Structure formats: structure tokens, C-alpha cells
Amino acid sequence: MSSENSAVPAPREDDPLLSAGLKIAMQWGQALDTDKLKVALDALEPQLKREHQLRVKQLDMQARKQEAEEREAKRRHKLRMTGLIVGAVVAIAMLGAGVYTVKDAWWLGCLLCGPVFVAALKIFVLRRSDKHDIQAVADVTKLGTRQAGQAQPPPPPV
């Protein structure tokens with residue numbers, strides 16, 4: 001029988017399940033006659049079907065995992081871009097308010113353009129806040145309230 005079936009294809013190396021099945025079938029074919037080979041192949045078929053179903057499920061799970069990772073990456077990108085945009089808007093608003101108020105209340109201008117400005121940008125853009133930032137904001141706020149509490153001379157009449 002092995003001399004008659006020399007046209008049997010060689011096992012393919014790119015698919016381990018198929019090559020294993022062909023190897024087993026060739027070994028059975030060399031050892032048995034055609035009736036016994038048919039029985040052996042019929043017995044092998046359910047195992048190959050189970051292995052195929054397992055492989056299909058593994059590929060499906062792998063595809064779902066990849067899709068979930070892509071969605072997570074898009075969500076993270078959207079969150080970072082939102083933080084950058086909000087940070088830019090807050091920065092422009094704080095700088096504008098600081099420059100506008102500096103002529104009437106210098107301490108408020110310093111408060112809006114100083115450490116509070118840097119801390120706010122750090123929170124929105126980098127999404128973190130250090131203890132040093134909080135301490136600097138607290139110090140500037142104390143200084144600003146102390147300066148605001150002091151009586152300022154009224155502006156001269158025009």
C-alpha cells in the first residue's frame with residue numbers, strides 16, 4: 001500500500017494540526033489495509049474537529065482581545081487630548097485674568113499667573129499633582145490674602 005500511495009502529500013509545516021493528522025494517517029496507512037485505514041480515519045475525524053473548534057475559539061478570543069486593546073488605546077488618547085485642550089483653555093483664561101487684574105490688584109495677578117497657574121496646568125495636562133505644588137499654591141494664597149487684607153490707598157481723584 002505504501003508503494004501505491006506514494007502521491008500522498010507531505011505534511012505541511014505551517015499548520016501543526018494538519019501536519020500531525022497527516023503524519024498519523026500516513027503511519028496508519030503504512031500499517032493497515034484500506035478498510036482498517038478508513039476505520040482509523042473515521043476515528044481520527046472527531047479529534048480533528050475538536051482541535052479545529054478549539055483553534056477557531058482561540059483565534060476569536062485573540063481578535064476580541066486585540067479589539068479591546070484598540071478601544072482602550074483610543075479612549076486613553078481621547079482623554080489625553082481632552083486634558084490638553086482643557087489645560088490650554090484654562091491657561092489662556094488664567095493668563096488673561098492675571099494680566100487684566102494686575103493693574104488693580106497686583107497680588108491677584110501674581111496669584112493667577114504664578115504657582116497656581118503651573119499647578120492647574122500640571123493637573124489638567126499631566127494628570128498629576130505633587131505635594132510641592134500644593135504647598136506652593138498654599139503659600140501664594142496666604143501671601144495674596146495677607147496683601148488683600150492690608151488697606152490699599154484709594155486711587156487719586158481724577
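Which helix holds glutamine 27? The residue sits in α1, which covers residues 16–31; helices here are DSSP runs of H or I at least four residues long, strands are runs of E of at least two, and both are numbered from the N terminus. The model is predicted, so local features need pLDDT of at least 70 and side-chain atom pairs count only at pLDDT 80 or more, while totals for chains, interfaces and linings use all residues. Residues are numbered from 1 along each chain as its sequence is written, and side-chain values use heavy atoms, with hydrogens and water left out.

Back to glutamine 27: with a relative accessible area of 54%, this residue is exposed (exposed means over 50% relative accessible area, buried under 20%, partly exposed in between, with a 1.4 Å probe and protein chains only). Glutamine 27 and leucine 37 are 10 residues apart in sequence, and their C-alpha atoms are 9.7 Å apart in space.

Next comes the core. Ala91, Met94, Leu112, Phe117 and Ala120 make up the largest nonpolar core, 5 residues in total; such a core is a set of buried Ala, Val, Leu, Ile, Met, Phe, Trp, Tyr and Cys residues joined through side-chain atoms within 4.5 Å. Two or more of the core residues come from each of α2 (34–101) and α4 (115–126). Setting aside residues up to four places away in sequence, methionine 94 touches Leu112, Cys113, Val116, Phe117 and Ala120, where contact means heavy atoms within 4.5 Å.

Threonine 101 also belongs to α2. Its relative accessible area is 18%, so threonine 101 counts as buried. A polar atom of the threonine 101 side chain lies 3.4 Å from the backbone oxygen of glycine 98. Beyond the neighbours within four places in sequence, threonine 101 is in contact with Trp106, Leu108, Gly109 and Leu112.

Lysine 122 counts as buried because its relative accessibility is 15%. With neighbours within four places in sequence left aside, lysine 122 is in contact with Arg127, Arg128, Asp130 and Asp133. One of these partners, arginine 127, comes just after α4 and takes a positive phi of about 60°.

Methods:
A polar contact is a pair of N or O atoms within 3.5 Å; within protein, one must be able to donate a hydrogen and the other to accept it, and residues adjacent in sequence count only if both atoms are side-chain atoms.
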